[in-house]
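Student: I have this one open and want to go through it with you. Can we start with confidence and then move to the side chains?

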Amino acid sequence: MATLSSSEPQEMEVDRRGESEESGDDETKRKSLNGEVELDAQRASTGPEESPVDMDTITLDPNEEDVDLVHCRIGKIEGLEVLQKAKTLSLRQNLIKKIENLESLSSLRELDLYDNQIRKLENLQALVDLEQLDVSFNLLRKIEGLERLTKLKKLFLLHNKISGIANLENLTGLQMLELGSNRIRIIENLDTLSSLDSLFLGTNKITQLQNLDSLHNLTVLSIQSNRITKLEGLQNMVNLRELYLSHNGIEVIEGLENNKKLTTLDIAANRIKRIENISHLTELQEFWMNDNQIENWSDLDELKNAKRLETVYLERNPLQKDPQYRRKIMLALPSVRQIDATFIRF
């Protein structure tokens, strides 16, 4: 830890939070994992397979609106017809292999099937008032069976085996789409999702930023841990506020001319040699540029117009070898309150 005189700001070590890997508000954040750990292998590592319980052993309250059946070792969805008043149903962390027998629950607004053994999106057509659906950490291979869920606002399909973005054209009111940790190679078939506010595609196999022109209302875009080499295709995203592109192969900061509302820019762990073409980003508050190849202190001039800049990450760049590394950042960017994992306390 650096030592400064009593008249200079003091530094306090803190943990860096991986917010760029969660992306979204506190209620709806889902962490995308770095690395593609297969769900089957993950389950195998937890020990012997659990035996499912009979639903007759579970007591259900017909008047309950928020039904929580988390980790109950349920193997089959059945016997839920009594839940006519249910608005939310959580079946997280069970042993469910098939979506079925939900037709009578027409009042449902939220359905959570996170961490089961489901292989297909099916039998959801009767849930026409559903607003949030989470089938993350399952064994899905494709997006299907959602055509009638036109009121859906949030869809979480994190950590499955999905290879393509498809069959979402009817979900015109969708605001949040989480497809992180799948096997997607191409960004496509999003043209009708003009209401989309947040899109998460981290840890896939995407090579190009493309087919995003219709997403005028997008404020959060996360495509971390992919195979992108060029910053492009963002010109129509004039409302974008948070952009997460760490752990790709980007070499040049460019193509952000129209993204003047950006408050967070994460391009850590790429192959960038210069901080450039961002002097117009005057709303920037967080700038993550660690693990690149920045070596010139003059590059920090690109950030001087961002008067509300509070956090910068520049560690593990050649700049960090300078003994006055932290002091020089503080002098160049006086509004900054956090450098890497260290808060500056005045």
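Student: Where does pLDDT stay under 50?
Tutor: Over residues 1-46, for which the model has 100 contacts beyond four places in sequence. Here pLDDT is the predictor's confidence in each residue, from 0 to 100, and a contact means heavy atoms within 4.5 Å.

Student: And what is the mean pLDDT of the protein?
Tutor: The mean is 88, and 86% of the residues reach 70 or more. This is a predicted model, in which local features need pLDDT of at least 70 and side-chain atom pairs count only at pLDDT 80 or more, while totals for chains, interfaces and linings use all residues. Residues are numbered from 1 along each chain as its sequence is written, and side-chain values use heavy atoms, with hydrogens and water left out.

Student: Salt bridges next. How many are there?
Tutor: The count comes to 12 salt bridges, taking a side-chain nitrogen of Lys or Arg within 4 Å of a carboxyl oxygen of Asp or Glu. One of them joins Arg 92 and Asp 134, with the closest N and O atoms 3.8 Å apart.

Student: Which parts does that pair tie together?
Tutor: Arg 92 lies in the loop between β3 (88-90) and β4 (110-112) and Asp 134 in strand β5 (residues 132-134), so the pair ties together parts that are 42 residues apart in sequence. Helices (H or I, at least four residues) and strands (E, at least two) are DSSP runs, numbered from the N terminus.

Student: Is Asp 134 buried or exposed?
Tutor: Asp 134 is buried, at a relative accessible area of 1%. Arg 92 is partly exposed, at 22%. The cut-offs are under 20% relative accessible area for buried, over 50% for exposed and partly exposed in between (1.4 Å probe, protein chains only).

Student: What about Lys 328, which residue does it bridge to?
Tutor: Lys 328 pairs with Asp 322, the closest N and O atoms being 2.6 Å apart. Lys 328 is partly exposed, with 33% relative accessibility.

Student: Back to Arg 92. Which residues are in one network with it?
Tutor: Asp 112 and Asp 134, through salt bridges that share partners. The charged end of Arg 92 also sits over the ring of Tyr 114, 4.0 Å from its centre. That label needs NZ of Lys or CZ of Arg within 6 Å of the ring centre and within 35 degrees of the ring normal.

Student: OK, rings. How many aromatic pairs?
Tutor: There are 4 aromatic pairs. Rings of Phe, Tyr and Trp (its six-membered ring) pair if their centres lie within 6.5 Å; planes under 30 degrees apart count as stacked, over 60 as edge-to-face and the rest as tilted.

Student: Why is the pair of Tyr 114 and Phe 137 classed the way it is?
Tutor: Their planes are at 40°, with the ring centres 5.1 Å apart, so the pair is tilted. Tyr 114 and Phe 137 are both buried.

Student: And what kind of pair do Trp 288 and Tyr 313 make?
Tutor: An edge-to-face one, with the centres 5.9 Å apart and the planes at 85°. Trp 288 lies in strand β12 (residues 286-288) and Tyr 313 in strand β13 (residues 311-313), so the pair ties together parts that are 25 residues apart in sequence. Trp 288 is buried at 3% relative accessibility, and Tyr 313 at 2%.

Student: Which residues form one aromatic cluster?
Tutor: Tyr 244, Trp 288 and Tyr 313.
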